[in-house]
Amino acid sequence: MFKSIKQLVGNATQVVTLNSKVFALRVKGVQVSSKELNEAMANLKEAMPLVEQTSKDVQKSVNKMNFRNKPHLERIDEAKARIDDEMATINQMLTFRKKKS
């Protein structure tokens, strides 16, 4: 009977020891992940001013392009409107002739 109790206590000790080792490994994993996350956050904070400046530069370029193209686009819109009006007139004339015949 003492032998089985001793074996039971030995098995329980092994389980506790293994669980402690697994827990310690998981804690180390969390520590490493936390360190990597902090490094990544630091890199991101360092890169943010560059991203913001690039974004501002791109927006300036877009604004310049829109300013330069605005007169051309307005003329294109006016020409398209005239063409659409002429096409509608021609379409009405063709439709009217078909109805008359």
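Which residues form a positive surface patch? The structure is a predicted model, in which local features need pLDDT of at least 70 and side-chain atom pairs count only at pLDDT 80 or more, while totals for chains, interfaces and linings use all residues. Residues are numbered from 1 along each chain as its sequence is written, and side-chain values use heavy atoms, with hydrogens and water left out.

The positive surface patch consists of Lys 56, Lys 60, Lys 64 and Arg 68; for such patches, residues must have over 30% relative accessible area and no salt bridge, like charges being joined within 9 Å and nonpolar side chains (Val, Leu, Ile, Met, Phe, Trp, Tyr) within 5 Å. Lys and Arg count as positive and Asp and Glu as negative, His and the chain ends not being counted, and the place of a charge is taken as NZ of Lys, CZ of Arg, CG of Asp or CD of Glu. Lys 56 belongs to helix 1, which spans residues 2-100, and is exposed at a relative accessible area of 51% (buried is under 20%, exposed over 50%, and partly exposed in between, with a 1.4 Å probe and protein chains only).

A nonpolar surface patch of about 450 Å² is made by Leu 37, Met 41, Leu 44, Met 48 and Val 51, the areas coming from the Shrake-Rupley method with a 1.4 Å probe, and for residues only the protein chains shown count as cover. Met 48, which is found in helix 1, is partly exposed, with a relative accessible area of 35%.

One salt bridge is found in a search of the whole structure, the term denoting a side-chain nitrogen of Lys or Arg within 4 Å of a carboxyl oxygen of Asp or Glu. This contact joins the side chains of Asp 84 and Lys 80, at 3.1 Å from N to O; the two residues are four apart in helix 1 and are therefore separated by about one helical turn.

Concerning the chain overall, there are one helix and zero strands, where helices (H or I, at least four residues) and strands (E, at least two) are DSSP runs numbered from the N terminus. The protein chain has a radius of gyration of 39 Å, whereas a compact globule of 101 residues would have one near 13 Å; this radius is taken over C-alpha atoms, and the globule rule is 2.2 Å times the number of residues to the power 0.38. The C-alpha atoms fill a box of roughly 115 × 45 × 5 Å along the principal axes, and 0% of the 101 residues count as buried.
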